[in-house]
Amino acid sequence: MKQLTLRFSRSLLALLLALPMTAAAEEPDFQSQVKAAFLFNFAKFVNWPAAKFADALAPLEICVLESEPLSAVLEATLRGKSVDQHPLAVRRSARVEDLRSCHLFYTSVQDAVALNTSFAKLAGSAVMTVHESAQTLPGGVARFFIDGRKLRFEINGAAAERENLQLSARLQNVAVVVRQ
Amino acid sequence: MPSNARLRFRTAPACAAGLGLFLAAGGAIALETGARQMAAISGDLTELSLDALLDLDVVSVSRRAEPLAQAAAAVFVLTGEEIRRSGVRSIADALRMVPGVLVQRTSAQAYTVTARGFSGDKLQVLLDGRSVYTPLTSTVFWDVLHTSDIERIEVIRGPGATLWGANAVNGVINIVTRNAQDSLGTEVHGGGGNAESAFGGLRTGSKLGETGAIRVFVRGFERDHTKANSGADATDGQSHLYAGFRSDLKPAVNQDLSLSGAIYDGRQRSSKISTPADPNDHTDTEVSGGYFLSDWALTTATGSKVSVQASYDRYKLFLPEVFDEFRETYNLEIQHSFALGSRQDIIYGAGFRSTRDRTGGPPLILLFDPAQRTLRTSSAFIQDQIKLATDGELTLGSKFEHNDVTGNEVQPSIRLGWGLGERTFTWGSVSSAVRTPNRLDEDVAIFCSAGLNAAGVCSPAGTTQRIGNADLESEKLTAYEWGLRWRAAERFSTDLALFLNDYTDLRGSETTPPPFGRFSNSLDGRATGGELALVWQPQDWVNLRLFHAYLNLNVKAKPGSTDTRTAGNIEGSSPRQSAGLRFALLPWPQVSVDGFLRHVGRLPALAVESYTELNLRAAYRPWPSFELALVGENLLDPHHPESGSAASASQPQARSGNEIPRSLFVEFIWNW
């Protein structure tokens, strides 16, 4: 046992020395990774109107604001992935109105007034809007919230219908469904 | 392969090959995942189903983000994507990527899979919660498990007996297939090469009503013979056909019902005992069977969950001249989990299992006495997870089991997990587990046929000589484990697990009565060791994983025992050192390159020298729906042994046993 402990402490030490000294770098927190994985699943389980895709191989665009903290994790997570032959692409813009051609729009902005303004600029263009503010908003199709220690999401059925988005039963089964 | 069974058959190679196949073969228990966080340890979260994502803890008790996996056990997860990108054609080959797991391919179709030493009969292996090891030998028919539509494989090294029950002594392997909702559409795959002669499969998934989905699939493969030491073909080529379905339904908003089933049929060529040297005069070993599994779960408004799992499994195994078996197993498991106050999560359950077999008699040479037997097991378990003041969690639990073989067994465990800041998590545990004697241990006998008699294996001809011992006790383990997970940097994390396992009443074999002796609980043993795993992602498109496992086995015959060989055989059948390096590269969106370099230390009892092998896979995806890949396996040698035995005491250099050839093949996957 002594020999074993020694052997392992040696390999651990070797490991420590070999470590790149980047420990100070900010690590992507686990919650962000889970959110990105949820957005991937939204892309998978939402049917957009056919007109949203130029052709069968056109990219499925997931869009965020230029300042969005999640964008790096999102890009890393979705890189190289596709849904129904549509490669996933992350697009960033400072202006919401440039994002009307997007399929999914995510924002971590908390201010309800700012959110309502953004959603109004996207209204009528079949964008699945996702936010995480404290309350359900009429323009937001999906909303993340924390329940205990888990991340959950809410679907605003009325908003989805207004945007002509078909949400699969798979998604609705696990969501909290509201109408506003 | 249990070493006791191996040692006596060197003079009858075909018989030994038959036994090897038989012992490496395999053939139901529910699981409430006690380690929900396991999926988060490695890999890509997009691989997880919606349900699994919803089940992840993203906020710790102190409501901080939780970057570290907090399972107080040595757990490792292989995702479906990792398995696909590794190119392996068998689940057993995929398990080579798990630190501390040893995979030995013994023929075209047979594998021995072990964790932390010993033979392959101390693992619990589950497919969607249904136990798939055969009660005959406690080993697994690995060729019946396919790599398609796997969501992930969770591996726990060390005892998991409290939740998973008997046989979860050295580890638990839980294979989880994808929800039918996640496999809609049609997928065709196929390919072939020199060793993997041909393989292919078709799966189609569709919605079932408003909320349900179903997939049906058929898969088949043909594998070429492995090699003999001389480089000539061994006689063990194999073909296999498998068809099945999985359906996931939502009978009500808070209920889930999953139904699945499959049938399979496989054949393996083997040489005849009567003419072992003549490759043209061969026979076919047959294994066929099927199962049906129903899994129902209800989640109440308060978050408590009730689940009921029922399954039926049957198979038939026939080795001409050697062995014949038909087996049917019924299993029922009920579980309930709920939160008690704000700090405790309680899960408890009960199960019942009945397995009935019918084995063949003379002139087959491998017999069981009695020829037919039904074994019943009833069990109950309870586990309490208690959140401690700061960042700790204490898990207490025990399994209580009653079986027809050894009576009552109690398997308690205590685990403590502790977060040390945001980057470090440490855990420790003390647990006990038992391996109850299987049908082989208790009842196996050899019919001394005229042929065996003439070969000098036994005498007189026409007698049945028992090796099994109906008075065997369970093998018992007390395990002490300690582990540390440390995310040293954003892209660098480590996972260390150390263990000390004390075994008593290990199965050995007394030398009397001659010539085969009799199984007995003749050994005690201790295993110490550990596994270190590192994950480093230097660039977005580069992922590196390294592991090293160390094992020190000490097995001793008890005072007064005549067993002078088994201890050495056990010690010499597991490597002291093993290591692996995996890389996964995504240089361009359409191209992926994956490699796996592994090293396994020498196995003196099996006449296997230490070896290093390399697998490579390069894939090109011209369209998102189509992938073409070139795969090379075991590239560093024309053929190499992973198991076997020295040919004879006078010529220890010459060895017998099948050797695994270098393999090259192309594969395609097309879905729409």
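In chain A, 50% of the 180 residues are buried, meaning under 20% relative accessible area with a 1.4 Å probe and protein chains only. This is a predicted model, in which local features need pLDDT of at least 70, side-chain atom pairs count only at pLDDT 80 or more, and totals for chains, interfaces and linings use all residues. Residues are numbered from 1 along each chain as its sequence is written, chains are lettered from A and ligands numbered from 1 in the order in which they are written, and side-chain values use heavy atoms, without hydrogens and water.

Chain A contains 6 helices and 10 strands; helices are DSSP runs of H or I with at least four residues, and strands are runs of E with at least two, numbered from the N terminus. Its accessible surface is about 8100 Å², 55% of it from carbon and sulfur atoms, by the Shrake-Rupley method with a 1.4 Å probe.

How do helix 2 and helix 3 of chain A meet? On the helix 2 side are A:S32, A:Q33, A:A36, A:L39 and A:F40, in contact with A:V73, A:L74, A:T77 and A:L78 of helix 3, where contact means heavy atoms within 4.5 Å. By class, this contact has 6 nonpolar, 3 polar and no charged residues.

Turning to chain B, buried residues account for 60% of its 672 residues. Its secondary structure comprises 10 helices and 36 strands. Chain B exposes about 24100 Å², with 58% supplied by carbon and sulfur atoms.

Definitions and conventions:
Ala, Val, Leu, Ile, Met, Phe, Trp, Tyr, Cys and Pro count as nonpolar, Asp, Glu, Lys and Arg as charged, and the others, Gly among them, as polar.
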